[in-house]
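Here is a short report for a reader coming to this structure for the first time. Please look over the sequence and the model, then read on.

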Amino acid sequence: MTGFRYGVSLYSYTDDLGTVMTLDDAFDHVADTGATGLEILGETSVPLYPEPPAAWLDHWFAQLERYQLEPTNFACWVDTRIQLDRKLTVAEGAEQIALDLRLAHRLGFKFIRPKFGVIDYNLTPDPIWEGAVERNLDLAQALGIIILPEIHAPTPIHHPVTEGYIAFIERTGTRNFGLMLDTGIFQDRPLTAWGGGDIEAIRKDAPDMVNGIKVPVEHLDDIIRYVPFIQAKFHHVDEDLHDHQIPWERIVPRLKALGYAGYLSSEYEGVRDPWVAIEQVRRQHALIRRLEAEWEAQHA
Amino acid sequence: MTGFRYGVSLYSYTDDLGTVMTLDDAFDHVADTGATGLEILGETSVPLYPEPPAAWLDHWFAQLERYQLEPTNFACWVDTRIQLDRKLTVAEGAEQIALDLRLAHRLGFKFIRPKFGVIDYNLTPDPIWEGAVERNLDLAQALGIIILPEIHAPTPIHHPVTEGYIAFIERTGTRNFGLMLDTGIFQDRPLTAWGGGDIEAIRKDAPDMVNGIKVPVEHLDDIIRYVPFIQAKFHHVDEDLHDHQIPWERIVPRLKALGYAGYLSSEYEGVRDPWVAIEQVRRQHALIRRLEAEWEAQHA
Amino acid sequence: MLERSHIQSTGFRNVGPVGERTGFELRLRQANYRGTRLSLIEGVTITVDGVLYPAAHNLVRIGSRVYTPAELDAATETRLAVGEYMTVIVPRPGGLAPGVHWVESAIGYRHPYFPPAHQSAVARDARHATIVMA
Amino acid sequence: MLERSHIQSTGFRNVGPVGERTGFELRLRQANYRGTRLSLIEGVTITVDGVLYPAAHNLVRIGSRVYTPAELDAATETRLAVGEYMTVIVPRPGGLAPGVHWVESAIGYRHPYFPPAHQSAVARDARHATIVMA
Ligand SMILES: [Mn+2]
Ligand SMILES: [Mn+2]
């Protein structure tokens, strides 16, 4: 039985990075969980993005070797509303993706997640996405990278946005485009704190983001074949290893039954007090590893 | 009228250093107060003490130049009870002081403060102090450094310990030994938090350290001629620039009347929550600068 | 490393010649979780002791370069990195009095990947900070 | 940089071969404000979920070297720097179960410059910490 692969996104340490934690420290925290995969945000972790100094590149590879970590996903952005009164063209969007593909490849990553600007509440991406991606499929293939749009709340699995991505895969026949699932779509109990801002303001503007869109885990069955990478979004795991928002006790068995053997890359997005994320990521890994071991014991 | 010189001891940033602050950051915080003097603890701030790497020495001088700071006092220790069942000899104590004199000199300091082990509640120094210091007077003179024992609560100004130091100066006629005053001796209201530990435990064991020994500022008159450097110990300055423990409104005029024109080197020793010290040091400087300006306006 | 609050203690000071201060400046930590194109920063409003200093009149220094709000919008290929600060330069003849002030900051960010109604979001902070010298 | 608590999240793990764990280890930040001769560190007691692991049986790793309490007393010219950690190695056959534990630490320091009655002082900490893997 092939197991999950465990990773951590440095997004988990937002606000700690630059105030109480360096990138070198983050390597140490990630590796000590027993994870093997490291996910970064290009614009956050790569100094002088998009042109890191040569010495930093040497250090990057030395750290990967020292901590026995492999680069997984490289998060990037296509800032469609780049200026107050100007949007990116398809050609400019394609250029941005090509830049991130090349940089991600230099750093050893296997996936990139371009986050496109959106045009409505359901996070329908700017229509330039399709042309911008399609122009990069050959480059992605040449570099051995899979481009992954993120299926993120409030967008569920059964939704025109997700279906549009799948239609693109079917039409082009590409193996260099897939879906990244963010497990926040399975959230079924309300948040009490959010990493990105004031919870009451969010409750007013975007109640789905606070209450959760409660996608049934059975919907995984319909798309798992397009999913090579999962961001394990979570907000709080308590001292008894209970997650207060994300139903891992249903997600893990479903992923195991479906034979998912890719990464679960932790994305902590809870209280942003200093150093809390380090411990929260450890708890999440302990929890998911326990559920995986239980499933394997039952199916040995 | 010659004014005070303003400095900061990096002791103020205890617990921040190594968790939320680097030595380079500390230079920035100190310089931005408008201070010109930097005080360090050798064993804390000098990497690989007592033998810092050559590259670090280069960086030290580059930072002093960049931030226009001068090294003031180099705090050091004579760990008389060096092992559970062994005390330092006079020769070993002298060797420790010689080591710190030489290192302080390499770094550009003008004072060292050796903190001797003590033999009683009144902080009577281990009797080796006198021989250990005396053997170094020629070296101190050659290096242009003044050795300063610290007059620190619960030891007041009029006390055999202080008188012993003065007798040493008179007997030897040295210009390379003096008194460092820690303004904690003037504390006249109780602490509500202490930087070094649990306030209730300290209240039980050493009530003077919590309540203050309330040395009258007039006693400054009797010893100021032996005092080339003052550590401006404090614990809390509030939003109205009121110090809750140290009577600066009496200390500052007395020092001005006595013509003191040396350093006041901030030693924050209050609540050790992250980043609090940065702001507390700024408030203390704003307060003392205001009192000094008021005195000068009245005596113009 | 920077203080966790957006508003930094260090860097809050008067600017211009002593006795003829032209204003004050203040450091704000990059409040976004990613290094951000300056064109996505829509301006910074500062309030001190209840007095509002609107974004339109404030300059922002990043590294050694100073930007007007329009120059921020044009700087599509320059980024403010995570772990770095911007210095907001606020005009106020005479500067601020030495002492402790109540300071509020509001950084406008545009997040193209947020729903259109929320693409302009404001990162706010408020705390005491001290001007040491007149 | 280290966590502010003495007890660090990272570094809390079982040691010895998987399935035949011999104990666990735990990182503690240097709790003294100065780099400290190891001979002034009088031993480290650890408590996990109420079970006491006395200093006499614990080893301390600093850099790549492991010390018994007697070896700490002898190490008069080696220091634990500020901003560094020691790793306390605690014997416990089988190790600790994966999950969250309540961990307490007590580092004995000798401060020769404290009055004789207080020269041995204990720096204490307590917090939850997580063993990720069996
Ligand atoms: Mn995500
Ligand atoms: Mn002192």
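Predicted model: local features only at pLDDT ≥ 70, side-chain atom pairs only at ≥ 80, totals over all residues.

**The manganese sites**

Start with the metals. In chain A, the manganese ion (ligand 1) is held by E150(A), D182(A), Q231(A) and E267(A), at 2.1 Å. In chain B, the manganese ion (ligand 2) is coordinated by E150(B), D182(B), Q231(B) and E267(B), at 2.0 to 2.1 Å. The table sets out both sites.

| Ion | Donor residues (atoms) | Distance |
|---|---|---|
| Manganese ion (ligand 1) | E150(A) (OE), D182(A) (OD), Q231(A) (OE1), E267(A) (OE) | 2.1 Å |
| Manganese ion (ligand 2) | E150(B) (OE), D182(B) (OD), Q231(B) (OE1), E267(B) (OE) | 2.0 to 2.1 Å |

How are the donors spaced along the chain? For ligand 1 the spacing reads E-x31-D-x48-Q-x35-E. Within this site, D182(A) sits in strand β7 (residues 180–182) of chain A, and E267(A) sits in strand β9 (residues 263–268) of chain A. That pair links distant parts of the chain, 85 residues apart.

E267(A) has 6% relative accessibility and counts as buried, because the limit is under 20%. In chain B, D182(B) is buried at 0%. Q231(B) is buried at 0% too.

**A helix in chain B**

Helix α1 of chain B spans residues 23–32. Nine of its ten residues are buried, so the helix is largely enclosed by the rest of the structure. The buried residues are L23(B), D25(B), A26(B), F27(B), D28(B), H29(B), V30(B), A31(B) and D32(B). After α1(B) comes G34(B), with a positive phi near 90°.

**Where chain D meets chain A**

Now turn to the contact between chains. It draws 20 residues from chain D and 20 residues from chain A. The buried area is about 1600 Å², and carbon and sulfur atoms give 53% of it. Three residues, M1(D), T10(D) and V132(D), supply 35% of the area that chain D buries against chain A, more than any other three residues.

What polar links cross this interface? There are ten residue pairs in polar contact. There are also three salt bridges. One of them pairs E279(A) with R127(D), whose closest N and O atoms are 3.5 Å apart.

On the chain D side, β10 (99–110) and β11 (120–131) each supply at least two residues. The largest share, five residues, comes from β11(D). By class, this side has nine nonpolar, six polar and five charged residues.

**One buried side chain in chain D**

Finish with N14(D), in strand β1 (residues 13–15) of chain D. N14(D) counts as buried, at 7% relative accessibility. A polar atom of its side chain lies 2.7 Å from the backbone nitrogen of L96(D). A polar atom of the N14(D) side chain also lies 3.3 Å from the backbone oxygen of M133(D). Leaving out residues up to four places away in sequence, N14(D) touches R21(D), G23(D), F24(D), G95(D), L96(D), I131(D), M133(D) and A134(D).

Definitions and conventions: Residues numbered from 1 in each chain as written. Chains lettered and ligands numbered in written order. Heavy atoms only, no water. Contact = heavy atoms within 4.5 Å. Buried area = accessible area lost by both parts, 1.4 Å probe. Salt bridge = Lys/Arg side-chain N within 4 Å of Asp/Glu carboxyl O. Polar contact = N/O pair within 3.5 Å; in protein donor to acceptor, adjacent residues only side chain to side chain. Helix = DSSP H or I, 4+ residues; strand = E, 2+ residues; numbered from the N terminus. Nonpolar A, V, L, I, M, F, W, Y, C, P; charged D, E, K, R; others polar. Donors = N, O, S within 2.8 Å, 3.2 Å for Na, K, Ca; no water. Buried < 20%, exposed > 50% of the residue type's maximum accessible area, 1.4 Å probe, protein only.
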